[in-house]
Amino acid sequence: MNFSPSLADVLQSAERLIVAAIGEDIGTGDATSLAVIPPGMKAKAVIVAKAEGVVAGLPVVKAVYARGDSRVIVAPVIADGTRVKSADVLANLEGPGISILSFERIALNFLQRLSGIATCTSAFVEAVRGTKTVILDTRKTTPGFRALEKYAVRIGGAQNHRQGLYDMLLVKDNHIRAAGSISVAVRRAREAYPSLPLEVEVTTLEELNNALSLPVDTIQLDNMNLSMIRQAVALVNKRVPLEVSGGVRLENVREIAATGVNYISIGALTHSAPALDISLELVG
């Protein structure tokens with residue numbers, strides 16, 4: 001289960017966000033920098049980690065400055081996916097001083113957000129290391145930022161669930177309620193989109209039994225407690241991949257993985273990850 005866009009796709013998605021961010025933040029110009037910094041002044045700067053974490057988004061930083069002022073050279077000294085500690089230098093910058101400072105906050109907003117997601121994801125991936133369970137993200141992303149945030153999840157070591165509503169069928173409780181039963185909902189979905197992967201959500205062992213008789217590719221165990229998950233794994237007996245969703249925390253993720261489920265999807269990777277503390281500092 002992996003529906004990942006390429007880095008080129010991620011940067012294409014970032015481009016429109018960068019344009020919007022420049023309009024939002026700089027508007028008619030960075031008044032402070034224009035007033036304080038001589039127009040021809042050249043400057044050097046470093047982007048520095050202020051906390052330990054996993055870095056993601058350096059290609060986006062380069063894209064911000066390429067769009068803002070291509071005279072600013074951004075030279076990363078590490079690659080995305082590198083774990084850093086406080087005071088580690090992530091990139092060197094050189095170019096017009098006004099431009100380095102004008103686009104600083106935009107670049108850091110992207111970098112801090114994506115690095116925070118990668119760091120949070122890495123913690124969950126590390127917690128289940130040694131099991132066969134794969135950590136997945138969800139669609140609980142910042143509107144417009146999905147490709148970037150899912151990229152950060154991959155940098156953190158997890159895999160992507162579906163990108164949107166178009167690349168996978170996921171029959172959930174409201175679909176089942178509207179159709180009248182799991183079997184009707186699954187049949188309609190499979191007939192309408194026979195080539196798409198199909199997953200169905202269940203909340204009880206009875207629903208799980210019903211789902212096992214249907215042509216599904218994956219079954220999602222939604223908000224089941226640990227005892228129910230264990231029973232579900234025994235009942236399915238590897239006939240179909242199982243995904244756990246809901247109620248997953250860093251404190252219990254390894255215990256869930258130890259039941260033998262194939263996937264654990266975690267909305268908190270993207271909707272609750274704190275930004276990684278990173279700064280830009282002029283040098284020399």
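The exercises below work through parts of a predicted model.

Local features are taken at pLDDT of at least 70 and side-chain atom pairs only at pLDDT 80 or more, while totals for chains, interfaces and linings use all residues. Residues are numbered from 1 along each chain as its sequence is written, and side-chain values use heavy atoms, without hydrogens and water.

**Exercise 1. Check the span of helix H1 and find which of its residues are buried.**

Step 1. Helices (H or I, at least four residues) and strands (E, at least two) are DSSP runs, numbered from the N terminus. Helix H1 covers residues 7–25, which is 19 residues.

Step 2. The expected span is 1.5 Å times one less than the number of residues.

Step 3. Buried means under 20% relative accessible area, exposed over 50%, and partly exposed in between (1.4 Å probe, protein chains only). In H1 the buried residues are Val10, Ser13, Ala14, Leu17, Ile18, Ala21 and Ile22.

Step 4. An α-helix has 3.6 residues a turn, so residues three or four places apart point the same way.

Step 5. The cover over the buried residues of H1 includes H3, H5 and helix H6 (146–155).

**Exercise 2. Describe the surroundings of Val60.**

Step 1. Val60 belongs to helix H3 and is buried, with a relative accessible area of 1%.

Step 2. Contact means heavy atoms within 4.5 Å. Apart from neighbours within four places in sequence, Val60 touches Leu11, Ala14, Ile18, Phe110, Leu114 and Leu148.

**Exercise 3. Classify the pair formed by Tyr65 and Phe103.**

Step 1. Rings of Phe, Tyr and Trp (its six-membered ring) pair if their centres lie within 6.5 Å; planes under 30 degrees apart count as stacked, over 60 as edge-to-face and the rest as tilted.

Step 2. The centres of Tyr65 and Phe103 are 6.2 Å apart and the planes make 75°, an edge-to-face pair.

Step 3. Tyr65 lies in helix H3 (residues 58–68) and Phe103 in the loop between helix H4 (97–102) and helix H5 (104–127), so the pair ties together parts 38 residues apart in sequence. Both residues are buried.

**Exercise 4. Give the strand order of the six-stranded sheet and its edges.**

Step 1. Two strands pair if DSSP finds at least two bridges between them.

Step 2. The open sheet runs S6-S11-S10-S9-S8-S7, with parallel pairing. Strand S6 (134–136) and strand S7 (169–171) are the edges, each pairing on one side only.

Step 3. Strand S9 (residues 218–222) is joined to strand S10 (residues 242–245) by four bridges; Ile219 has Leu242 as its bridge partner in S10.
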